[in-house]
Amino acid sequence: MRNLKSVSVQVLDSDIAVLLPNGVYEIKQMDPKSPRLKQICILCLFLCLFGIIGFGYFCPEKVCALSSRDSLPPMEDNLGKPLTIESNKIGLSYEDMLNDDFAFNLDSHDVMVFLHMQKTGGTSFGKHLVHDLDLKRPCKCPLTRKRCYCFRPHSNQSWLFSRYTTGWKCGLHADWTELTGCVDEKLDELEDVVKRRYFYITLLREPVARYLSEFRHVRRGATWKGSRHFCKGRSASAAEIPPCYKSENWEGVELDEFINCDSNLAANRQTRMLADLALVGCYDKQYMPKAERDRIMLASAKKNIQSMAFFGLTEFQKISQYVFEETFNLRFAIPFEQNNSTVSSSTIMTLSPEQSTKIVELNSLDIELYSYAKKLLMERFTKLKSKDVDFEDRFNHLGVLIGKSNPSAFDWDKLDDYLDVDRK
């Protein structure tokens, strides 16, 4: 028998090396003149070319994005386009809803998913959704429970996924990353397994006012310990989000202490909660440089805002109400109240120049996101009213329905105390 030569190949500094027990393998030389070898080489070359072409054509946009940190487009390019493969998971975009034949179908499997960020006025808006919409089958909210039944006209399936209907099924104040990976599974557990159309909705608030409102809420004892911060199959670790306090809560915290905690999630909360955190390594701050992380998070948040079926701004209640009603072709039985005099607004007047500067720096992403959202909301408002031949009458009589008028006032800074679970 002819002796075969052998060569050793050392695998170093490679991701593949971790898959090899010792990193050293012996490879047998083959006869280069073998016809079978030529056939194998041709087959491998063909499979390689086919794989490259197929991967480039079929690769899901989101999966490819995770394989390259530079794949997200610049913030001004093509933002808001829904991810094609993920369209059912993320939901119908606002652009999808502009078709003349679109209707939010309460009798089918359409579901509104309310992404509720802390201190943005989400509690009052959530109450509007379950108390004040003019529906064939109004929501029922028994006094004995802090949940409402918002069923479809002809079935006992819910058309609304929110804290007041399903509770915090995806975690306390679940963000975009958590909701998009959780909602379908949770509804399948509660109801029949069906193919649903999801419509994501949310509210944003002017970032400095929101930050100060959260500070005052935390100072009163709120912690939101029930939040999971779930991403890519696991919750964030204590090392990734170190606690800012050692006792049960942060009650009585001073503003400077609140500002100076590097792991305080109040900073840029809206950007983080609206971004796809899988793109930046979730809560692992070492995954990429901070500047790159910030750029990608902001771009992702803008993309998701533009793709959402609806978003409103706390500072523009009337416009937000009109945009919601025209988008979903649903009517509220009361006008939204604009409360410009909040506790946080009075707190702003007491800030030192150093505190004001630091808060703006800490929330720079949210400030840019809010500016973008404000411009986008006004564009949507202008477009909708241009198609409304009865705009003046409609806009001047929002919430005025024949035989249905029950106006109520809301305090943006106190309503989050309604559910004790928010403080845990």
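Hi everyone, thanks for coming. Please keep in mind that what you see on the screen is a predicted model.

Let's start with the overall picture. The protein has 424 residues, and 47% of them count as buried. I find 15 helices and 8 strands in it. If you take contacts with a separation of 6 or more, residues 24 or more positions apart account for 74% of them.

In what order do the 4 strands of the open sheet come? The order is β4-β3-β5-β8, and the pairing is parallel. The edges are taken by β4, residues 160-161, and β8, residues 310-313; each has a single partner strand, so one side of each is left without a neighbour in the sheet.

Strand β5, residues 197-204, is joined to β8 by 4 bridges, and the two run parallel. You can find two of the facing pairs by eye: Leu 203 has Gly 312 in β8 as its bridge partner, and Leu 204 stands opposite Leu 313 in β8. Helix α11, residues 317-328, packs on the sheet and touches β3, β5 and β8. The direction of α11 makes about 165° with that of β8.

And which way do the residues of β8 point? Phe 310 and Gly 312 point one way, Phe 311 and Leu 313 the other way, and all are buried.

Next, the salt bridges. How many does the structure hold? It holds 14.

Buried or exposed, where does Asp 110 fall? Asp 110 counts as buried because its relative accessibility is 2%, and the cut-off for buried is under 20%. Arg 197, at 33%, counts as partly exposed.

Next on the list is Lys 186 with Glu 189, where the closest N and O atoms are 3.9 Å apart. These two sit 3 residues apart in helix α6, residues 183-190, so about one helical turn separates them. Lys 186 counts as partly exposed at 22% relative accessibility, while Glu 189 is exposed at 54%.

Then there is Glu 214 with Arg 210, whose side chains meet at 2.7 Å, N to O. Both lie in helix α7, residues 207-219, and they are 4 residues apart, about one turn of the helix. Here Glu 214 is buried, with a relative accessible area of 2%, and Arg 210 counts as buried at 0%. As for the network, salt bridges that share partners join Glu 325, Glu 326, Arg 331 and Arg 394.

Let me move to the loops. Lys 119 has a positive phi of about 60° although it is not a glycine. You'll find Lys 119 in the loop between β3 and α4, and at 1% relative accessibility it counts as buried. Asn 329 is another residue other than glycine with a positive phi, near 55°. Asn 329 is in the loop between α11 and α12, and at 58% relative accessibility it counts as exposed.

One more loop residue is Ser 162, placed between β4 and α5. What does Ser 162 touch, if we leave out residues up to four places away in sequence? The answer is Phe 114 and Gly 167. Ser 162 is buried, with a relative accessible area of 4%.

Leu 43 lies in helix α1, residues 35-58, and is partly exposed, with a relative accessible area of 48%.

Key:
Residues numbered from 1 in each chain as written. Predicted model: local features only at pLDDT ≥ 70, side-chain atom pairs only at ≥ 80, totals over all residues. Heavy atoms only, no water. Buried < 20%, exposed > 50% of the residue type's maximum accessible area, 1.4 Å probe, protein only. Pairing = 2+ DSSP bridges. Contact = heavy atoms within 4.5 Å. Axes fitted to C-alpha atoms, helices over the stretch in contact; angles between N-to-C directions. Salt bridge = Lys/Arg side-chain N within 4 Å of Asp/Glu carboxyl O.
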